[in-house]
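This report walks through a protein chain for a reader who is new to structures. Please keep the sequence and the 3D view open while reading.

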Amino acid sequence: MRIEPLVATEGNHNLSDYEKTYANFNWENVNEAFSWHETGKVNMAYEAIDRHAESSKANRTALYFEDADRKESYTFQDMKSLTNKAANVFKEQSSIQKGDRLFIFMPRSPELYFALLGAIKMGAVAGTLFEAFMEVAIYDRLLDSEAKVLVTTKALLERVPVEKLPHLEKIFIIGEDVVESETTIDFNKEFANARDQFDIEWVDLEDGLVLHYTSGSTGKPKGILHVHNAMIQQYQTGKWVLDLKDDDIYWCTADPGWVTGTAYGIFAPWLHGISMLVVGGRFSPQNWYGALQNYKVSVWYSAPTAFRMLMGAGNHVLEDYDLSSLRHVLSVGEPLNPEVVKWGNEVLHQRIHDTWWMTETGAQMICNYPSMMIKPGSMGKPVPGVTATIVDDQGIEVPPFTMGNLAIKKGWPSMMRQIWNNKAKYDSCFMNEEWYVSGDSAYMDDDGYFWFQGRIDDVIMTAGERVGPFEVESKILEHPAVLEAGVIGKPDPIRGEIIKAFISLKEGIEPSEELEAAIKLFVKTGLAAHAAPREIEFKEKLPKTRSGKIMRRVLKAWELDLPTGDLSTIGDD
Ligand code: PRX
């Protein structure tokens, strides 16, 4: 099925001739968009903030922030001063140096953005932790990254096992009534007194910028390191894919705890000097439609689960709002089902443009562009400068319409540069030294469009958030009643997948509704709310390989009523 563009964008978009651009494109040409092209010195925060503050955009609003308690706006000039102040606070109050990790663990607020860009200005690698993380999740990430500085709030600090983190030197608390100690510093007090001039730490394009932890199917979460060079692709996709224009008001709904919230919730829009909206607090259809209307949002980047939740609220809710300023809507993180595309057409009067990428790719890779015909259900075509293909398990390219591993030719500008402390894991992501293998299965059609089929590994995508079954299973196993646990993603009409746990109990313990609720709560309060199983099924025994590994493949087959395949490796059959 093909649909024509709803909004006539011909001649009104940044990538007018995809095929021609794709054939002739060279990333080198993008360098001219940046000041370092002339100076040889780079810092993402300079390119995203200071450069605009020193231009005719100085008084343009960079950030509109709104949540239940605050409604504020900051110009690029304000952002320059405030990020300078944050940088001065970190520099004066800790021993943090270029390349050291500074983590931010807090809900969205203007201070989060000041702190993150301030950290980058002083050459630190900025790590982010989603506010829903609980103790184990935080501990694993801060320990692995050897974070030296943490920026958080008083309430969230309770979840940080400070005494078990030997590298953590200073904790900056944002908020009121902060009790200071040798290690704990009142950020607001220091910030108020800090100088608003700062000498930026100029770094190399290949120096560390951000560290995002993400999940695989085995082992602890892995730290994906991106470098300043990522700006080349984040800028260029901001132009082609987000289709940003000078007078846009842009809203990316992702939290900076995830890669979308930094790459497209900070860097891409601000590299273009665009006004950006951040909405804090919880999702509600009224808040979201209200934000689109009140800020006259023109470009909106969100996720299928959010669109499905808006759909679920009913089209009548929309009748109270005027969304006529919207001109470009995009989606990421999960398969964008054709029903959602249809809803976008009929109700929002917008084509929803799917984009595919992942934490490891650092920027959008396969996308639908404003100039392109959309095939509902397809993720689109590779960004010019990116070569994508489908390979078999030996790394050999397969013909169109053959399902296989979605792979990207190594060397795109925003490619991850390291998996923190784990070179072997990093190397294992590449096949034949040539292809980065995504872990997704897909096929390509004969027009070069890519069609997502699923994850090859056991990674769960729930409400657009990536959850590793191993992390959840490890937490469940800490519960005193549990003997064994296996976790899978179960298809769900709203969230894409939900987390389902199969659990066997220790001898003498009987399954009960109370126990089920207790285990859910145990994961929710110990790991993260979004990682807690929504469903639990107690089993006498779980299927295992001879080496004792739980076979999630079989659990999934049970769940979906599919044949379980060859169970001959199951140990205690
Ligand atoms: O399975 C793919 C899915 O999200 C995974 C990456 O998750 P994460 O690293 O958390 O990054 C999410 C946003 C950048 C992918 O391996 N995914 C992402 N985009 C799409 C998608 N699945 C289907 N369609 C998409 N457009």
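Helices (H or I, at least four residues) and strands (E, at least two) are DSSP runs, numbered from the N terminus. Lys423, for instance, is found in helix H14, which covers residues 423-428.

## About the model

This is a predicted model, in which local features need pLDDT of at least 70 and side-chain atom pairs count only at pLDDT 80 or more, while totals for chains, interfaces and linings use all residues. Residues are numbered from 1 along each chain as its sequence is written.

## Annotated domains

The UniProt record, an unreviewed entry, places the feature "domain: AMP-dependent synthetase/ligase" at residues 51-419, and over this range the chain is 30% helix and 23% strand, with end C-alpha atoms 31 Å apart. UniProt positions are given in the numbering used here, feature names are shortened, and annotations may be inferred rather than shown by experiment.

## An enclosed helix

A residue is called buried if 20 or more other C-beta atoms lie within 10 Å of its own, exposed if 12 or fewer, and partly exposed in between, with C-beta atoms placed from the backbone. Nine of the ten residues of helix H3 (residues 44-53) are buried, so H3 is largely enclosed by the rest of the structure. Among these buried residues are Met44, Tyr46, Glu47, Asp50 and His52, and what covers them includes helix H4 (76-93), helix H5 (110-121), strand S8 (208-214), H9 and H10.

## Two crossing helices

The axes of helix H9 (residues 231-240) and helix H10 (residues 259-271) come within 8 Å and cross at roughly 75°; axes are lines fitted to C-alpha atoms, for helices over the stretch in contact, and angles run from 0 to 180 degrees between N-to-C directions. H9 is therefore roughly perpendicular to H10, a description used for angles of 65 to 115 degrees, whereas under 35 counts as roughly parallel, over 145 as roughly antiparallel and the rest as oblique.

Two residues are in contact if their C-beta atoms, placed from the backbone, lie within 7 Å. Here the contact is made by Met231, Gln234, Tyr235, Thr237 and Gly238 of H9 together with Ala263, Phe267, Ala268, Pro269 and Leu271 of H10.

## The nonpolar core

A nonpolar core is a set of buried Ala, Val, Leu, Ile, Met, Phe, Trp, Tyr and Cys residues joined through C-beta atoms within 7 Å. The largest such core has 159 residues, and those with the most contacts inside it are Leu102, Ile104, Leu116, Leu150 and Val151. When its neighbours within four places in sequence are left aside, Leu150 is in contact with Phe103, Phe105, Leu142, Val160, Leu168 and Ile171.

Is Lys423 buried or exposed? Lys423 is exposed, with 10 other C-beta atoms within 10 Å.

Most residues other than glycine have a negative phi. Asn432, however, has a positive phi near 50°; Asn432 sits in the loop between strand S20 (430-431) and strand S21 (435-444) and counts as exposed, with 12 C-beta neighbours inside 10 Å. Ala463 also has a positive phi, near 50°, and lies in the loop between strand S23 (460-462) and strand S24 (465-467), but Ala463 is buried, with 21 other C-beta atoms within 10 Å.
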